Amino acid sequence: MGKVMLEVKDLKTKYVTRFHEDVYAVDGVSLKVEEGKSLGIAGESGCGKSTLALSLMGYYFAPLHYISGDIIVDGQTISNMKPDDVRRKILGNEIAYIPQAAMNALNPTQKIIRFIEDVIHAHGIKMTKKEIYDMARERFAELGLPEEVLEKHAVELSGGMKQRTVIAISTILSPKVLIADEPSSALDVTSQKMVIRMMRQLMEKGYIKSMIFITHELPLLYNVTDDIAVMYAGQFVELGTAKEMVFDPVHPYAKGLMGSIIVPEEGMKAHELTALRGTPPNLKNPPKGCRFAPRCPYAVPTCTAMAPDEKEFENGRCYRCLMSVRKLREVYANGNESKPEPETEFD
Amino acid sequence: MKGYKKYYGQKIFWYFLTLIFAVILNFILPRLMPGNPVSALASKAVSGMTDSTAIQKVINDYAERFGINEPMYKQFFMWLGNALKGDFGVSFSQYPRPVSDIIAKAVWWTVCLQLPAIIVGWLLGNLLGAIAAYIKGVFDKAILPLFLFIGNIPAFGMATVLLFLFAIKLKIAPSSGGYGYDLIPSASWAFIKSIISHYQLPFWSIVLITIGGQAIGMRSMSIYELNADYVKYSRFLGIKDRKIVGYVFRNAMLPQITGLALSLGTMMGGALVAEMIFSYPGLGMTLLSAVNGQDYPLLSACTLIITIMVLIANLAVELLYGVIDPRVKANQMD
C-alpha cells in the first residue's frame, strides 16, 4: 500500500443561497487516494461533483461554506488551517485545481508567463524572471506544449491549447494532489485525447502524486483512473476499482449509470443500454431515508424511511444501500420482477 | 509588431478622413450664417466719409482683402492653403489681430483647464466605482449615488451653483477671469497664486460632473469581472487577493477607456460652457465672442482647433487601447 496523499473523512459542506437557505451539496464524503493513484468521480449533473472538487481544496468562499470533516494532504490536516495559510501554503502548491471552464480561466489581458510568475511568487518562492521562464519552458516542453505559448495571451490560444496550458500552470509547482473538474468536457475528441495523455504524463513523470478526476463521461474514467466513485445527491453511493465499478457495480444507481455507457471491452456486446428515470433530488431538503429511493427501481417502503450508511465489502469497496450485496446481485440476475425485502445486516 | 502597424495604420487613416470632413464643415457652416461681417467692418472704417465712390472703394478693398468676392470653393482652398501654413486670416471682430495669435493664446488656457479636469474626474470616478464594487458599504450605498446625482447636473448648472456658492456667498474664490485683472502676466508668486485660485472653480465644476458617470460604469464592470472564472482560478492557485484585484481592475478599466474617449468629445462642449460662465480666457470665451461678432475666421479656427483636439485625444486613447487589450490587436490581425 502506497503512501496516502489525500484522505478525506466525512466531509460536509453547504451552499448558503441569497435567501439564507442551506443546500447540503457535499454530505459526508470520505475517500483516500494513495501515491501514484487516481480516483474518478462520476455522477449525473447536479449531484455535487463540482462542489466536491471545490470543497476538497480546503479553501471556502461564499456561497460555499465548510461544515465539518477532515481533509488531510500527505499527513497534514488542512481543514483546520487558517484560510490565509491554506491559500499561501496549500493551494497551487500541495493541492492544485483545474477548473471546469478552462476557456475563461485565464486572465485575458495577461501573458501566460506573467501569470506563472504570479503563481510562483504568491507562494513566497524566490526566483528571478529568467529562472521562472526557464523552468516553465522546460515543463511546457516536457508536456508537449510549444514554448511560444508562454509569451502569448489567452485569446491567442485554441480551446484545447488553453485547457492544456491551464493544466500545465496548475501543476507548475508539482502539487501532491491534482483535482481536475471535467477538464476535457468542453473539448472535441482529439483535444480530449491530448488532455488525457497530458494528465497521464503528469503522473508518470511525478509532477503530480495523485489525482482526482471528475467527469460525467464514464468511459473516460475507466481509461484514466484506478478507482471510481459514483456520487449521488452529495454522497458517494459506491466506491471501487475502475474495473469493478464498470463490470460489476453493486449499488442500483451505479448499476443504472454504468448501464447507460458502452466500454470497448470484451463482453460488452451482450450489454443492454438502460436509462435512469427522473432527476437527482433538490438538496435543499434531501429525501429522508435513502436519497436514491424515489428513483430506485428496487426500492421498498423501508428505503424511504431509513437512510443507509456507507458499508465496506470485498477488499475495500464501499456502497450505500440497505440491501446486502448478495441480495442486490440476485436481483440483478433475476431482472426487475422480484422486489426483495432489504436486509440491514452485512452479508 | 505587424498587427500593431496595421491596427495603428487603419486608425490613423480613419481619423484623417474624419478630420477632412470636419475641416470642410468647419469652413462652410459659419459662412452660411446670414449677414455680411465685412461690410460691417468696412462701414466702421468709412464712418464719417461722405464720398460715395470713396466708400465703395473702401468696401471693395475690404472685400478683396478678405476674399469674400471669390466663389465659395476658391475661398475654401485659399483658406485651407493658408491654414496649413498656420495662417487663419485676420479676425473681423478684433481687427487687425491675426486669428492664429488669438487662438494660440486661448488654446493653452483651455488645454490646461480641461485635460487635467477630465482626467482627474475620470480617475476619481473609476476609483470610486472600483471601491464601491469591492468594498461596498457606504461607498456603494451613499457616496456613489451622491456623485451620480451630481453628475447629472448640466455643466452650466454646476458652474453657476459653484459660482454662487464659493465666489458670491462664501467669497473664497474669484468669480471670473484666468487671473486677477490687476496683474500683468509674469513668473511672479502673486501671479501664479492668482492663476491657481482662478483655476479652482472651473476645474472642480468639470471634475464633479465627470465622477458620477464614470463611477457607475466602473462599478458594474468591476462586479462583472470579480465574478469571472479567472478570479476563482487564480484564488485556487493561491494568488493573493491584492494581485487578483489588480487583474480585475485592469480588465474592468478597458470599457472605461472607451468611455474616456467618448466623454472627451462630449465634455469638450460642456466644459466650454464652464469657461463662458467663469469668463475663463480659453477657447470657450473666444468662441462665444466670435459668434457674437460674426467673426468667421475666428469661429472656423476655434471649432477647427476643438475638433482637432478631440480627434487627437480620441486617437491617443484608441492607440493606447491597442496596447492595453491584446484582444483588440488580435482582432485586427486577420
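Helices (H or I, at least four residues) and strands (E, at least two) are DSSP runs, numbered from the N terminus. Axes are lines fitted to C-alpha atoms, for helices over the stretch in contact, and angles run from 0 to 180 degrees between N-to-C directions. Two residues are in contact if their C-beta atoms, placed from the backbone, lie within 7 Å. Residues are numbered from 1 along each chain as its sequence is written, and chains are lettered from A and ligands numbered from 1 in the order in which they are written. Because the model is predicted, local features need pLDDT of at least 70 and side-chain atom pairs count only at pLDDT 80 or more, while totals for chains, interfaces and linings use all residues.

Two strands pair if DSSP finds at least two bridges between them. Strand β4 (residues 64–73) of chain A is joined to β5(A) by two bridges in the antiparallel sense, and A:Ile72 has A:Thr77 in β5(A) as its bridge partner.

Six bridges connect β9(A) and β10(A), which run antiparallel, and A:Met231 is bridged to A:Phe236 in β10(A). The two strands form a hairpin with two residues between them. A:Ala233, in the turn, has a positive phi of about 50° although it is not a glycine. With 23 C-beta neighbours inside 10 Å, A:Ala233 counts as buried (20 or more other C-beta atoms within 10 Å of its own; exposed, 12 or fewer; partly exposed, in between; C-beta atoms are placed from the backbone). Six of the seven residues of β10(A) are buried, so this strand is largely enclosed by the rest of the structure. β10(A) also pairs with strand β12 (residues 317–319) of chain A, antiparallel and over two bridges; here A:Glu238 stands opposite A:Tyr319.

A positive phi of about 50° is also found at A:Ser174, which is not a glycine. A:Ser174 is placed in the loop between α5 (159–170) and β7 (177–181) of chain A. A:Ser174 is partly exposed, with 16 other C-beta atoms within 10 Å.

Overall, chain A contains 10 helices and 12 strands, and 44% of its 347 residues count as buried. The C-alpha trace of chain A spans about 70 × 45 × 40 Å along its principal axes.

Between the chains, 24 residues of chain A are in contact with 19 residues of chain B. On the chain A side, α2 (83–90) and α3 (112–122) are the elements that give two or more residues, and the largest share, three residues, comes from α3(A).

Within chain B, helix α5 (residues 99–134) and helix α8 (residues 189–226) pack at an angle of about 35°, with their axes 5 Å apart. Their contact comprises 22 nonpolar, 11 polar and one charged residues (Ala, Val, Leu, Ile, Met, Phe, Trp, Tyr, Cys and Pro count as nonpolar, Asp, Glu, Lys and Arg as charged, and the others, Gly among them, as polar).
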